[in-house]
Amino acid sequence: MHRQAKRAFRRTEQIPSPGAKSLPQKYFVSPEVFAKEQAEIFSKEWLLVGHQSQIPNAGDYIVQQVVGESLIVIREKSGKIRGFFNVCRHRGTRLKEDACGHASAIQCPYHAWTYGLDGRLIGAPHMDEVPGFDKANYPLHPVNVGLWEGFIFINLNDGEAHLRSAATARQRSGDFISLERWFAPLNGKFSHWNMSILRPAKRIEYDVHANWKLMFENYSECYHCPGVHPQLQKISPYDSAENDLAEGPFLGGFMKINPGKSLSMSGNACAAFVGKIENLQQVFYYSIFPNMLLSLHPEYVMVHQLWPQSPERTLIVCDWFFHPDAFARKDFKPEDAIEFWDMTNKQDWHVCELSQQGIASRAYKPGPYSSRERIPAAWDEYYLRIIS
């Protein structure tokens, strides 16, 4: 483990604040609350959309839907990753229909206006006949893009940049803070996992009929693990959690893995280690507000993207990443980990759906958090500060 991270780990207070309870019903079922979340959170915060390994070459791109907007995230010739609204500057036509692909340029399928990978308009048939027309005035509309540990984030906030010091607690509604400053509290924390060079082995998408906040709360505690995850519980004891981040937008810590075991179907390591991990008997879980769940294992990294679709439905995109050297080894068995977590994910999503169904009842009232639910309570506290 990185020295900085090792020094930071300590057993934090596990008991939630006195009187801490789960959120009121409206936060899980109200269309008005959902609309406010889309406007105040998902339209203004940094959102995970992928990893740089998914667009390795110039012209590779992905298309992501964010708050009703279609965005193109593309690697240009210099290697820089850029983001643009998927909207032609001519008459507004959608430029790219596929979820991902490769293009030497971005051409509108309607009237063939053509843009370079850097967004400049480089071709506009017959527009040279229009008096005063200048291609330089019609580039694609850009979107904020940044990289953290190899992961690609976008931010729709187009207001004036208001950059505050790293010591300032958070990004308030309407403010914009650079990705570098946003992630400053985590600088160097995960360097031994080499996340920027990892390669994806598998992606699974889940359509979950539950509110997005329930997934964050579920991810942030293992109080439920003995009954919901018997296979996980055999390898990683539910009561072994130690949290080092217990307030704010970044929450989590580690749990122990039984000696000689790994979180896989066989219980054995399924790949070469992602880096020089000091303690092979720990797995780290972090939630990164508002749409990233990060799981750090000795031999792989698992990442979830959460995309709310309605108050009662969430699209979850799960990726598994391994060290590039692992792919050529004979002992590489990524499916061993993928099957284990696909099973565990489905167990989680099922109880989240049951929670959604119960919360929608007229009988639901917020219930008290247990001593094992400090992190879900902290997540709720941060969420309420943002949305209130």
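Buried means under 20% relative accessible area, exposed means over 50%, and partly exposed covers what falls in between, with a 1.4 Å probe and protein chains only. The model shown is predicted, so that local features need pLDDT of at least 70 and side-chain atom pairs count only at pLDDT 80 or more, while totals for chains, interfaces and linings use all residues. Residues are numbered from 1 along each chain as its sequence is written, and side-chain values use heavy atoms, with hydrogens and water left out.

View A. Helices (H or I, at least four residues) and strands (E, at least two) are DSSP runs, numbered from the N terminus. Asn194, in the loop between α4 (179–182) and β11, likewise has a positive phi, near 50°, and counts as partly exposed because its relative accessibility is 28%. Most residues other than glycine have a negative phi, and most peptide bonds are trans.

**View B. The peptide bond from Phe289 to Pro290.** This bond is cis, with omega near 5°, and Pro290 lies in the loop between β14 (282–288) and β15 (292–296).

**View C. The largest pocket.** On a 1 Å grid over the protein atoms alone, a pocket is an open set of points with protein on both sides within 12 Å along at least five of seven lines, whereas a cavity is a set where a 1.4 Å probe fits but cannot get out; lining residues have an atom within 4 Å of a point. Grid points are joined across faces, edges and corners, and a volume is the space filled by probe spheres set on the points. The largest pocket has a volume of about 610 Å³, and of its 31 lining residues the closest to its centre are Val63, Gln64, Gln65, Trp307 and Leu315. β2 gives the most to this lining, with seven residues. By class, the lining has 14 nonpolar, 10 polar and seven charged residues, where Ala, Val, Leu, Ile, Met, Phe, Trp, Tyr, Cys and Pro count as nonpolar, Asp, Glu, Lys and Arg as charged, and the others, Gly among them, as polar.

**View D. The largest cavity.** The count comes to two cavities of 30 Å³ or more, and about 450 Å³ of space lies in the largest cavity. Of the 36 residues that line the largest cavity, Tyr219, Ser220, Glu221, Cys222 and Tyr285 lie nearest its centre. Its lining is made up of 17 nonpolar, 14 polar and five charged residues.

**View E. The crossing of α3 and α9.** The axes of α3 and α9 (residues 374–387) come within 10 Å and cross at roughly 80°, which makes α3 roughly perpendicular to α9. Axes are lines fitted to C-alpha atoms, for helices over the stretch in contact, with angles from 0 to 180 degrees between N-to-C directions; angles under 35 degrees count as roughly parallel, over 145 as roughly antiparallel, 65 to 115 as roughly perpendicular and the rest as oblique. With contact meaning heavy atoms within 4.5 Å, Val33, Lys36, Glu37, Glu40 and Ile41 in α3 meet Tyr383, Ile386 and Ile387 in α9.
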